[in-house]
Each structure stands twice: as C-alpha cells, then as structure tokens.
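Here is a short briefing for a first look at this structure. Keep the sequence and the 3D view open while reading.

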Amino acid sequence: MIAEQLRRIAVPEVSVSTPTGRLVGATGPLLQARGVRLHVGQRCRIESALGADIEAQVVGFKDEAAQLMAFKRTEGLAAGARVWPLPGNGHLLIGEAWLGRVVNGLGEPMDGRGRLAGEHLLPSAPPWVDPLRKRPVEGAIDVGVRAINGLLTLGRGQRVGLMAGSGVGKSVLLGLITRQTVADVIVVGLIGERSREVREFIDLSLGEAGLRRAVVVVAPADESPLMRLRATELCHTIAAHYRDQGRHVLLLVDSLTRYAMAQREVALSLGEPPATRGYPPSVFSALPQLVESAGNGSGEGSMSAIYTVLAEGDDQQDPVVDTARAILDGHIVLSRALAERGHYPAIDIGQSISRCMGLVAGADQQRVAREVKALLARYQQVRELLPLGAYVPGADPLSDRAVDLWPRIEAFLHQGTQESAPLDDCLRRLMEIVE
C-alpha cells in the first residue's frame with residue numbers, strides 16, 4: 001500500500017547534467033566560447049584561475065563560436081576555461097526597499113547596506129510602450145532653475161538634453177536640478193564619469209533627504225563597456241517601473257555620450273565598420289531605442305528624463321549631439337563663453353529650446369518669454385559696441401529697450417548653486433522684467 005502511494009507521488013524533473021562550454025579565444029574585451037548552446041543576450045559564468053567566476057553576456061556569434069563580453073575585469077581567464085549558461089536572464093526583484101540605495105549595472109548593492117529586497121519582477125530591458133497609448137506631456141515640472149522654468153519650461157514626461165563641452169558645468173547644473181525638482185522618485189545614472197564624482201553627487205547634490213526618494217545606478221569610467229550599457233538600461237527600467245506604479249519620476253543620466261561610446265566599443269569589437277567619427281551605424285539606432293523607453297506611459301504616472309550630452313571640442317555638430325537633438329523633446333545648450341564670464345548657469349537661451357513649452361505654459365508666459373528672447377538676441381548684436389562708445393541710443397527702439405533691460409534680464413538668468421527658484425516665483429519675476 002505504501003509502495004503504491006509512493007509511486008503516485010510526482011517527482012520533479014531534475015537535470016542530471018549541466019551544459020558546459022570552453023573558452024577558446026580572448027581579444028581585448030571580446031571573448032569566444034564553443035561547445036555550448038547560447039543565445040544573444042544570455043548571461044553566463046566563466047571559470048577563473050583566481051577562484052571567483054566571471055559573469056559575461058553573449059553579444060554575438062562568429063564561425064559557430066559565441067562572442068562574450070565580461071561585466072567586470074577579466075583577470076584570471078585562461079584558454080579552455082569552462083563556460084556555464086546561467087538560468088534566466090538576470091531578473092531582479094524591485095520594491096520600496098530600492099529607494100535610497102546605490103547599485104551597479106547588475107543591480108548589486110554598492111553602499112554596503114546589505115541585499116536588496118523586492119516584490120515586483122524587474123524586466124531585463126526597458127519596456128516598450130505603444131505610441132498610441134502614451135499619454136501626452138501635460139503639466140509643467142518645476143526644476144528649480146530660473147532660466148529653465150521661465151524661458152524653457154519643461155513638462156512632465158518630456159525628455160531633454162543638457163549639451164556642452166567638457167568643464168562648462170553640465171554635472172553641476174544637473175546637481176542643482178536634482179536638488180530642486182519636484183518629483184516622487186528620482187532615478188540617477190552616473191555612467192562613464194569620474195569615480196570621484198559619485199560620492200560628491202550623492203552627498204552634495206542629492207543629500208540625505210534627496211537620497212531617500214532616489215535610486216542611484218553607478219558605472220564609472222573604469223567599468224567595462226558592457227557594464228556601462230547595462231547600467232544605462234537599468235536606469236530606464238527602474239524609472240519605468242515606478243512610473244507604471246502611478247508616480248512622477250525624474251530620470252537623470254550623466255551622460256548619454258558615455259553610453260554611445262560604450263556602444264561604440266562593443267560594436268567595433270564585434271567587427272562593425274566605423275562610420276561617422278568612428279561611431280558605427282548601430283550606435284545611432286541604439287540611441288533612439290533607449291530614449292524612446294523614457295517619457296509617459298499609458299497610466300497616470302509620468303517619467304521625465306534629462307540627459308547630459310558631451311559636445312567634443314565644443315562642437316554642436318558632433319554626431320551624438322546632433323542625434324540627441326533630433327530625438328529628444330528639447331535641448332539646453334551651455335556656452336563656454338558665458339562660463340568664462342562667470343555667468344552661472346551658463347545656459348545659452350538663444351540656442352536652447354523646449355519643444356513642449358507650448359503645451360504646458362500659459363499664453364502670457366509664452367508671450368513674455370518670446371519678448372525676453374528677442375531682447376536677448378538684440379542685446380547680443382549691440383553688446384560689443386557698448387564698451388567702444390559706438391552705440392548711439394535712439395536709432396532703434398528695440399535695441400534701446402534691450403540695453404535698458406539687460407541688467408534685470410542678466411540678474412534673472414544668474415543663479416547660485418544653492419539658490420532655490422520655485423516655478424511661481426520665476427514666472428512672477430519674468431513678468432516684472434518686461435511689464
């Protein structure tokens with residue numbers, strides 16, 4: 001009787017063998033494995049002579065060999081090392097416990113506060129949203145910067161780029177926006193930047209209060225290109241999760257250019273031919289796919305995104321800058337000439353634009369903003385004549401008005417790094433300038 005009952009108990013299927021391949025090549029960051037069936041995007045583990053196995057991901061195929069890239073350093077690898085495919089695809093569980101934490105591109109904690117817990121499954125890639133189901137940009141978002149709030153007003157769900165050369169103040173302005181922006185959740189991606197800036201951003205830009213509502217994903221410049229790619233995508237996946245929960249999310253990525261550079265490293269390693277300034281064509285198809293995962297979804301939440309974009313050599317026609325300008329909903333250009341004059345934030349209003357300002361700003365604000373921009377443009381035309389005494393008042397009423405109002409406009413555009421500038425106060429001061 002007992003033997004009959006035991007026969008009826010279902011025995012789970014147990015694998016009696018583990019498929020294993022061998023490492024057969026290593027060229028720079030690119031590894032090759034044979035003898036095991038792997039698919040693109042699959043994660044696997046490689047045996048290391050140093051004892052700790054190395055995790056990698058399949059990025060392509062060549063002559064029946066799987067091409068892998070490691071997430072971390074590849075010290076200790078040897079020819080013939082065993083390669084095991086990992087079950088699943090590195091899915092993570094996310095929840096409220098993630099707020100206030102600092103993680104790497106694999107979702108592993110870096111702040112020494114123990115394991116991360118969660119109850120919701122986080123996808124391995126940013127979710128795709130049907131464009132016909134996306135809610136439009138609606139409602140202004142207060143970023144706490146007078147020049148942006150008043151003249152380049154942003155909306156909830158908008159995606160915008162901060163574009164400038166090196167050392168002009170992109171990261172400092174991003175920190176100011178981080179402290180001042182009104183949002184339920186802030187997701188910060190520090191991608192490919194100096195490791196020194198990580199602690200500074202957390203302590204000075206976010207602070208203790210800001211960190212409690214933030215998730216910080218870190219992949220400094222010394223990380224592998226695959227880790228930088230994964231960290232950037234993880235930022236978008238985390239932000240989309242909180243957005244779909246009905247929250248107002250601000251996504252900050254510093255920088256989009258480092259993501260493009262990491263994509264370039266991977267593509268060139270796989271043998272893709274370089275095109276514009278050394279960037280393979282796949283880079284310019286990957287950027288829109290990443291950016292389009294940001295923005296609003298079909299629910300009540302919103303996901304606004306701000307990306308820093310490095311203009312190499314201060315060239316605003318840099319291919320990454322030009323691509324970002326085309327796929328984003330606006331761009332804020334920082335001028336080195338303004339920065340050298342001590343004008344902070346060094347926002348060039350004439351070259352900047354918010355494509356969604358007409359959807360979120362009132363008619364009076366739009367009228368005043370157009371007038372101030374016209375006065376700024378006219379003042380720049382006569383600015384060099386003033387020190388020489390060559391400017392003659394009375395010849396052009398618009399020029400006279402621009403010269404008279406310039407001190408008030410300049411004071412409006414100036415802002416200290418610790419100065420608060422609420423949206424309502426910005427609009428009031430903007431109206432007072434021209435009226």
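Among contacts in the chain between residues at least 6 apart in sequence, 71% join residues at least 24 apart. The model is predicted. The chain holds 435 residues, and 52% of them are buried. Its secondary structure comes to 13 helices and 18 strands.

**Overall dimensions and surface**

- The C-alpha trace spans about 105 × 50 × 40 Å along its principal axes.
- The accessible surface of the chain is about 20,200 Å².
- Carbon and sulfur atoms account for 53% of that surface.

**Helix α13 and its partner α11**

- Two packed helices are described by the angle between their axes and by the distance between the axes.
- Helix α11 covers residues 363-382, and helix α13 covers residues 423-434.
- Their axes come within 10 Å and cross at roughly 55°.
- At that angle, α11 and α13 are therefore oblique to each other.
- The crossing of α11 past α13 is left-handed.
- On the α11 side, the contact is made by Asp 364, Gln 365, Val 368, Glu 371 and Val 372.
- On the α13 side, Leu 427, Leu 430, Met 431 and Val 434 take part.
- By type, the residues of this contact between α11 and α13 are six nonpolar, one polar and two charged.

**Helix α13 and its partner α12**

- Helix α12 runs over residues 397-413.
- The axes of α12 and α13 come within 10 Å and cross at roughly 165°.
- Angles over 145 degrees count as roughly antiparallel, so α12 and α13 are roughly antiparallel to each other.
- α12 passes α13 in a right-handed crossing.
- From α12, the residues that meet α13 are Arg 401, Leu 405, Arg 408, Ile 409, Ala 411 and Phe 412.
- The contact of α12 with α13 divides into eight nonpolar residues, no polar ones and four charged ones.

**Arg 370 in helix α11**

- Arg 370 sits in helix α11.
- Arg 370 has a relative accessible area of 54%, so it counts as exposed.
- Arg 370 and Leu 151 lie 219 residues apart along the chain, yet their C-alpha atoms are separated by 8.1 Å.

**Val 172 in helix α3**

- Val 172 belongs to helix α3, which spans residues 170-180.
- Is Val 172 exposed, partly exposed or buried? Its relative accessible area is 43%, so Val 172 is partly exposed.
- Leaving aside neighbours within four places in sequence, Val 172 is in contact with Tyr 344 and Thr 417.
- The C-alpha atom of Val 172 is separated by 9.1 Å from that of Phe 201, 29 residues away along the chain.

**Cis peptide bonds**

- The peptide bond from Tyr 344 to Pro 345 is cis, with omega near -10°.
- Tyr 344 is also one of the contacts of Val 172.
- Pro 345 lies in the loop between α9 (336-340) and β18 (353-354).
- The peptide bond from Asp 254 to Ser 255 is cis too, with omega near 10°.
- Ser 255 is placed in the loop between β15 (248-254) and α6 (256-269).

- Where is Asp 63 found? Asp 63 is in the loop between β4 (54-62) and β5 (65-70).
- Glu 64 has its place in the loop between β4 and β5 as well.
- Asp 63 is not a glycine, but its phi is positive, at about 50°.
- Glu 64 is likewise a residue other than glycine with a positive phi, near 65°.
- Exposed means over 50% relative accessible area, so Asp 63 counts as exposed at 60%.
- Glu 64 is exposed too, with a relative accessible area of 77%.

Notes
Residues numbered from 1 in each chain as written. Predicted model: local features only at pLDDT ≥ 70, side-chain atom pairs only at ≥ 80, totals over all residues. Heavy atoms only, no water. Axes fitted to C-alpha atoms, helices over the stretch in contact; angles between N-to-C directions. Helix = DSSP H or I, 4+ residues; strand = E, 2+ residues; numbered from the N terminus. Parallel < 35°, antiparallel > 145°, perpendicular 65-115°, else oblique. Left-handed = near helix turned anticlockwise from the far one by under 90°. Contact = heavy atoms within 4.5 Å. Nonpolar A, V, L, I, M, F, W, Y, C, P; charged D, E, K, R; others polar. Buried < 20%, exposed > 50% of the residue type's maximum accessible area, 1.4 Å probe, protein only. Areas by Shrake-Rupley, 256 points an atom, 1.4 Å probe, with all protein chains shown as cover.
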